[in-house]
Amino acid sequence: MTSVFEYAPAPESRSVVDVRSSYGLFVDGEFTAGQGTPLQTVNPATEEVLSEIAVGTDADVDRAVRAARRAFTRVWGPMRPADRGKYLFRIARLLQERAREFAVLETLDNGKPITESRDVDVPQAAAHFFYHAGWADKLEHVGLGAAPRPHGVAGQVIPWNFPLMMLAWKVAPALAAGNTVVLKPAETTPLTALLFAEVCQQADLPPGVVNIVTGAGDTGRAVVEHPDVDKVAFTGSTEVGKQIARSIAGTQKALTLELGGKAANIVFDDAPVDQAVEGIVRGIFFNQGHVCCAGSRLLVQESVHDEVVAALQRRIGTLRVGDPLDKNTDIGAINSPEQLARIRELVGIGEAEGAHLWQPAGELPERGNWFKPTVFTDVSPAHRIARDEVFGPVLSVLTFRTPDEAVAKANNSLYGLSAGIWSEKGSRILSIANQLRAGVVWANTFNQFDPTSPFGGYKQSGHGREGGRIGLRAYLKES
């Protein structure tokens, strides 16, 4: 918000991407009209309407699933695994070649800073396709016997916070395992998925192997509940995840769910404070806090609480909130008015319950969806801001005295997706990590991802893993 330096604007050019005035559904290798009432996708930083998006009905989803089944039965399933891998390598290279185009489009549609789209989202998406391309002809080594088989048609529903990266997390392993895909992107961020459809055409991917059906909740429901979908993968809210689990109960569909989180970021008294502060900032303010594994609960050892909070506030005071296309921006726009209203509601509850709110000085842009980086101190585990997933740039600070108390407070959550530990002592890190009920535990860092490493949670953070050999197994079954 404020800085000892004044930065001249450094905007990324929009000219590298051509946003169409309207987009259809991508079914059987072609863009086609949808039968539903079209929706608009909006730039959250400017409120500019970017494009009109087709909405898939039950009939449209049925068309997509039938195309995926044909492709699975006639082309993709019988294809030599090594040849499937070649297609994935081709897609990965095209993502790299068109990286700037994808990064700008992701920032326009999502609101995240261009530096994050450019340096994290697009490279990670390409890396997932490269990694899984290498697995395509080695599936006998994933641990499911000598000849594991694909499920068939995978129905996948992805969220709006990492549209391209979540697509890659799901599509790449599905294709490497020999499945075909019907993907439903989030209604507020469909554009990079539709640009990915162009990449599929450019890579000469056989028609029907990847189908992208845009729309809102009803379209996603139609994908999940279609009787000819064999495998369901969902990333999103815990409530919707519960609905999906109920809807497919009693069927033979395989299911993986990656849901919400309320991660504890634990700072011990021997932690390097400056390094920890950088990790705290990355943990909660990366992508405006729109991260399921965000370190939204900061647990600080009581003896260093004041030092850590003071250093954190100084660092937050240098963060720049504004135009997501500006390369100097640290925090972009909140993705939608609905999400902004949710953040404001929970922040208001936090103040009403007695927690102390701190925000840096500075003005926000007049147009668009914006929220300042926010820190709550004097927080107890009973406060809703310490229990509920805010999914925004809001940090709750709690204290602890002993390692046992840190573990107890960290595990005192309905969620169990991720956690962080900051300490000089490797033995302490290993001991605490083994006691945390979290799927991913970072040591002296936060929000670091790699396609070779499995990601997923416990409790109401879902079940199953994505990434690595373990994640690939979700798309296979034993012979």
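How much space lies in the largest cavity? About 90 Å³. Quick word on terms: we run a 1 Å grid over the protein atoms alone, and a cavity is a set of points where a 1.4 Å probe fits but cannot get out, while a pocket is an open set with protein on both sides within 12 Å along at least five of seven lines. Lining residues have an atom within 4 Å of a point. Points are joined across faces, edges and corners, and a volume is the space filled by probe spheres set on them.

Before going on: this is a predicted model, where local features need pLDDT of at least 70 and side-chain atom pairs 80 or more, though totals for chains, interfaces and linings use all residues. Numbering starts from 1 along each chain as its sequence is written, and side-chain values use heavy atoms, with hydrogens and water left out.

Okay, the whole chain. We get 14 helices and 22 strands, taken as DSSP runs numbered from the N terminus (helices H or I, at least four residues; strands E, at least two). The C-alpha atoms fill a box of roughly 65 × 50 × 35 Å along the principal axes.

Back to the cavities: there are five of 30 Å³ or more. In the largest cavity, 16 residues do the lining, and R297, A410, S418, R437 and A438 are the closest to its centre. α12 (403-411), β17 (415-416) and β18 (418-422) each give two or more residues to that lining.

Now the largest pocket, at about 1200 Å³. Its lining has 44 residues, with W160, F234, G236, S237 and V240 closest to the centre. Elements giving two or more residues are α7 (217-225), β10 (231-235), α8 (238-248) and α11 (337-352). α8 gives the most, seven residues.

Last stop, a helix pair. The axes of α4 (residues 114-135) and α5 (residues 163-176) come within 9 Å and cross at roughly 5 degrees. So α4 and α5 are roughly parallel, a label for angles under 35 degrees. Those axes are lines fitted to C-alpha atoms over the stretch in contact, with angles from 0 to 180 degrees between N-to-C directions. Contact, meaning heavy atoms within 4.5 Å, includes V120, F129 and H132 of α4 and L164, W169 and A176 of α5.

Key
Parallel < 35°, antiparallel > 145°, perpendicular 65-115°, else oblique.
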